[in-house]
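Thank you all for coming.

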Amino acid sequence: MDLTLKVWRQKNANAPGQFETYPARNLIPDMSFLEMLDVVNEDLVARGEEPIAFDSDCREGICGTCSLVINGVPHGGRAGTTACQLHMRHFRDGQTVTIEPWRARPFPVIKDLIVDRSALDRIMQAGGFVSVRTGGAPDGNAVPVSKVDAERAMDAAQCIGCGACVAVCKNASASLFVAAKVSHLGLLPQGKPERDRRVLRMVQTMDAAGFGACTVTGSCEAVCPKQISINFIARMNRDYALTLLRGG
Amino acid sequence: MKLDAQIPSGPLAQKWDKHKFDLKLVNPANKRRFDLIVVGTGLAGASAAASLAELGYRVECFCFQDSPRRAHSIAAQGGINAAKNYQNDGDSVYRLFYDTIKGGDFRSREANVYRLAQVSASIIDQCVAQGVPFAREYGGLLANRSFGGAQVSRTFYARGQTGQQLLLGAYQALCRQIGLGTVRLHPRTEMLDLVLIDGHAKGIVVRDLVTGEISAHAGDAVVLATGGYGNVFYLSTNAKGCNVTAIWRAYKKGAAFANPCFTQIHPTCIPVSGEHQSKLTLMSESLRNDGRVWVPRQQGDQRPPSQIPEVERDYFLERKYPSYGNLAPRDISSRAAKEVCDQGRGVGPGGLGVYLDFADAIQRVGEGTVRERYGNLFDMYEKITGEDAYQSPMRIYPAVHYAMGGLWVDYNLMSTIPGLFVLGEANFSDHGANRLGASALMQGLADGYFILPYTIGHYFASAKQPKPSVSHAEFQQAVADARGRTQKLLSIRGRRTVTSLHRELGKLLWDKCGMARNETGLKAALQRIPALREEFWHDLTVTGAAEGLNQSLEYAGRVADFMEFAELLCLDALTRAESCGCHFRTEFQSEDGEAKRDDEQFAFVSAWEYQGANRPPVLNREALAYEAVHLSTRSYK
């Protein structure tokens with residue numbers, strides 16, 4: 001099968017970007033979307049042109065590195081799927097496909113389809129942890145954790161930190177990302193002692209980094225490759241409000 | 001080169017405790033005077049960086065990914081072993097030690113492996129305290145499952161994403177330290193060289209992958225936790241960015257490289273679908289708890305699996321290894337799959353595949369339970385192949401997965417270069433010639449949380465080296481060399497792309513030094529690799545410039561090192577004229593096709609020493625002495 005690609009090219013953060021059109025030929029249905037881009041890039045390099053820069057690493061949907069907006073939707077719009085796990089069998093021969101980077105003010109473009117997501121790391125550094133040092137931890141079975149809580153914590157902990165939730169949100173809110181971590185740790189007894197401090201610091205850092213507010217449209221949940229529920233955002237908001245009521 | 005493994009004296013079970021007491025300490029107020037460089041932020045690197053910073057050291061931490069959380073440990077699926085004996089099924093520190101030594105086909109050090117088994121229990125405690133959401137029973141206690149190469153259930157897991165959850169635990173500990181200002185993080189920064197002053201590791205040269213700037217960083221010690229080199233085979237289950245560069249550069253500066261030919265081929269991966277394939281995807285070994293592996297009895301049987309009656313199926317692992325069955329260790333299962341495919345009984349395109357069938361499990365425990373246990377793996381399989389494994393069996397085939405070999409380290413995890421410590425998959429220490437499932441996570445975290453924080457202080461307290469500075473001539477030279485190499489890669493302007501050369505190298509290695517090796521093939525590979533390397537340096541094309549983000553340039557630098565490393569890998573495989581674990585030399589096999597070890601001649605660790613560009617490396621041998629275990633023929637029958 002053949003496709004026509006319209007790809008965002010941008011030399012660096014300061015240069016203006018524009019769409020360029022490229023043919024993608026002789027594709028087969030078993031290729032992943034990124035393998036399709038590899039093929040296009042091999043052609044470009046063979047012609048002496050600079051290949052399209054895009055981020056990827058594990059290519060099995062878990063590292064959260066790949067970050068493409070495909071036909072207007074982060075990761076391409078198939079439920080629970082990252083761009084690296086999106087396969088060409090879901091495209092039609094002759095289709096035109098647009099490919100853009102994550103677009104959000106806190107994620108400046110580095111080059112072409114690569115953006116800087118270090119703002120998410122800064123939110124984590126503000127409070128996305130349990131303050132235990134190495135050594136001295138009690139036996140793993142010392143504190144029982146209900147299976148229900150452990151499973152719900154795991155539902156939230158699955159977040160791969162890709163930033164699709166931010167990219168799709170009209171407000172560029174990182175609420176789903178923050179809520180997932182606040183809920184993961186807040187649901188477990190080990191995370192409870194710092195629950196207030198954590199939510200306060202993470203939310204404040206998110207706001208300071210320039211992410212917008214959540215208006216509960218649910219688009220983040222729809223594109224999340226791990227299908228993390230927006231119910232966690234409600235949980236984060238409640239935790240945050242209660243913390244403020246308690247005087248921070 | 002004199003190899004001294006620094007194994008403490010005394011009975012096996014007391015060595016580590018005794019050693020911890022014998023190690024010199026650094027006073028808390030003095031710790032902040034030491035600057036440490038940690039390269040890599042996977043399980044080993046992140047856990048080490050966080051733990052060292054907690055102790056008071058000042059840490060500079062580097063990763064090539066955009067965030068430490070994306071290191072390839074994230075992709076580990078199945079679980080982590082620990083000798084907790086929560087299941088009351090006969091596990092103990094000694095049993096985990098014994099299983100690991102035996103699983104490694106008696107090619108690892110007793111003292112290291114015993115220590116690994118000892119600290120395994122603390123890892124689980126630490127991770128639980130960090131908030132790792134391990135699977136639990138309804139009563140609230142931790143759940144376990146069984147894994148290949150063991151007859152007890154000692155594997156802790158978080159669905160099929162155990163590596164992700166453990167890495168996030170270590171990453172969060174690291175984030176806390178970054179927030180406190182005790183660790184400085186350098187993401188999107190790749191190590192290009194190691195710098196020695198007066199024979200001690202004193203810093204690194206890196207390239208900022210965003211600006212292209214090449215710079216030097218000095219420290220009182222350097223810790224490499226840069227993962228494995230499986231991508232030398234081009235196709236592997238490793239992430240695209242995984243590479244050998246950091247440890248290869250250290251090798252060229254004098255660190256011995258141990259057992260490079262020990263490369264694990266994992267039995268349960270999704271088969272290759274075509275030439276475009278950029279990487280292979282693992283299906284967790286945990287699937288073999290409930291999945292049954294089979295091929296048709298008849299050669300070239302083209303019927304769909306559902307139409308092949310029970311009597312015409314060969315459940316070859318259950319047939320050959322009745323006591324371990326589908327849970328036979330990875331090397332043995334991989335070889336068995338290759339054998340049936342070589343007999344023309346493989347399934348799927350090209351006949352390179354075997355079935356992993358869940359029909360019996362679904363009948364026994366119901367589809368809901370199977371979905372609960374492995375749902376994310378079935379989903380992943382469906383995404384990649386477009387097939388529903390609840391309806392028809394998965395097709396799997398072995399693929400390169402893990403490097404047991406790596407830089408040689410002593411009991412303190414220090415390489416042959418003083419001040420250079422190597423952790424996790426990047427070192428060679430604990431898995432011998434074959435790693436058991438759920439042991440990589442255990443080793444990475446043992447090294448980072450519980451071993452290096454004790455041993456590195458001893459180096460500082462005894463070496464008493466002057467504070468290095470990047471203005472030293474050695475640093476200037478290393479920076480100039482790195483710039484020169486970058487320019488050289490850009491100036492070739494040939495016709496072949498990096499990918500095409502890498503793919504050719506990988507195919508050569510897979511054919512000649514993959515699941516089965518022999519003298520003829522290895523000699524042919526050793527002839528071909530230098531020629532291919534020559535072609536690389538004369539006909540490569542790299543677009544773009546040295547400044548700014550340039551992915552072709554990054555990739556070219558990594559493949560340039562693979563082109564050199566591949567030769568050492570084959571040389572090691574040729575020199576080891578025995579079969580052991582993953583290293584199967586077709587000349588050395590028993591009548592029923594099992595690996596035939598030669599303990600008389602090869603019960604040693606190969607530690608290769610670089611001699612310069614145009615001279616062959618020297619082989620040093622660290623003899624493996626077994627005091628506690630009896631060297632036996634490994635049997636899983």
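Predicted model: local features only at pLDDT ≥ 70, side-chain atom pairs only at ≥ 80, totals over all residues.

**Two chains and how they meet**

Let me begin with chain B, where buried residues make up 60% of the 637 residues.

How does the radius of gyration of chain B agree with that of a compact globule? For 637 residues a compact globule would have a radius of gyration near 26 Å, and chain B has 24 Å, which agrees. If we take the contacts in chain B with a separation of 6 or more, residues 24 or more positions apart account for 74% of them.

Chain A can be described in the same terms. There are eight helices and seven strands in chain A, and its C-alpha atoms fill a box of roughly 60 × 35 × 35 Å, again taken along the principal axes. Buried residues make up 54% of the 248 residues in chain A, and, of the contacts in chain A with a separation of 6 or more, 70% are accounted for by residues 24 or more positions apart.

Now to the place where the chains touch. The contact takes 64 residues from chain B and 68 residues from chain A. On the side of chain B, the elements that give two or more residues include α3 (43-55), α5 (110-130) and α6 (162-180) of chain B, and also α11 (367-385), α12 (440-463) and α16 (551-575) of chain B. Which of these elements gives the largest share of that side? It is α6(B), with nine residues. By residue type, the side of chain B that touches chain A divides into 22 nonpolar, 29 polar and 13 charged.

Next, the domains. The domain assignment of chain A gives domain 1 (3-111) and domain 2 (118-245), and 29 Å separate the centres of these two domains of chain A, taken over C-alpha atoms. The contact between them takes 18 residues from domain 1 of chain A and 16 residues from domain 2 of chain A, and the side that domain 1 of chain A contributes divides into nine nonpolar, seven polar and two charged residues.

For chain B, the assignment gives domain 1 (266-400) and domain 2 (477-604), and the C-alpha centres of these two domains of chain B lie 30 Å apart. Here the contact takes six residues from domain 1 of chain B and six residues from domain 2 of chain B. On the domain 1 side, helix α9 (residues 330-342) of chain B provides the largest share, which is five residues, and that side divides into one nonpolar, one polar and four charged residues.

Let us turn to pairs of helices, keeping in mind that two packed helices are described by the angle between their axes and the distance between the axes. In chain B, the axes of helix α13 (residues 473-491) and α16(B) come within 10 Å and cross at roughly 105°, and therefore α13(B) and α16(B) are roughly perpendicular to each other. Thr486(B), Leu489(B) and Leu490(B) of α13(B) make this contact with Leu553(B), Ala556(B), Gly557(B) and Ala560(B) of α16(B), and these residues divide into five nonpolar, two polar and no charged.

In chain A, the axes of helix α6 (residues 195-208) and helix α8 (residues 231-245) come within 9 Å and cross at roughly 105°, so α6(A) and α8(A) are roughly perpendicular to each other too. From α6(A), Arg195(A), Asp196(A), Val199(A), Leu200(A) and Val203(A) meet Met236(A), Asp239(A), Tyr240(A) and Thr243(A) in α8(A), a contact whose residues divide into five nonpolar, one polar and three charged.

Is Val223(B) buried or exposed? Val223(B) counts as buried because it has 31 C-beta neighbours inside 10 Å, where 20 or more are needed for that label. Leaving out residues up to four places away in sequence, Val223(B) touches Leu36(B), Ile37(B), Val38(B), Val39(B), Ala48(B), Phe421(B), Leu423(B) and Leu452(B). Leu36(B) is 187 residues from Val223(B) along the chain, and yet their C-alpha atoms are separated by 7.5 Å.

Terms used. Residues numbered from 1 in each chain as written. Chains lettered and ligands numbered in written order. Domains from an automatic or database assignment. Contact = placed C-beta atoms within 7 Å. Helix = DSSP H or I, 4+ residues; strand = E, 2+ residues; numbered from the N terminus. Nonpolar A, V, L, I, M, F, W, Y, C, P; charged D, E, K, R; others polar. Axes fitted to C-alpha atoms, helices over the stretch in contact; angles between N-to-C directions. Parallel < 35°, antiparallel > 145°, perpendicular 65-115°, else oblique. Rg over C-alpha atoms; globule rule 2.2 N^0.38 Å. Buried ≥ 20, exposed ≤ 12 C-beta atoms within 10 Å, placed from the backbone.
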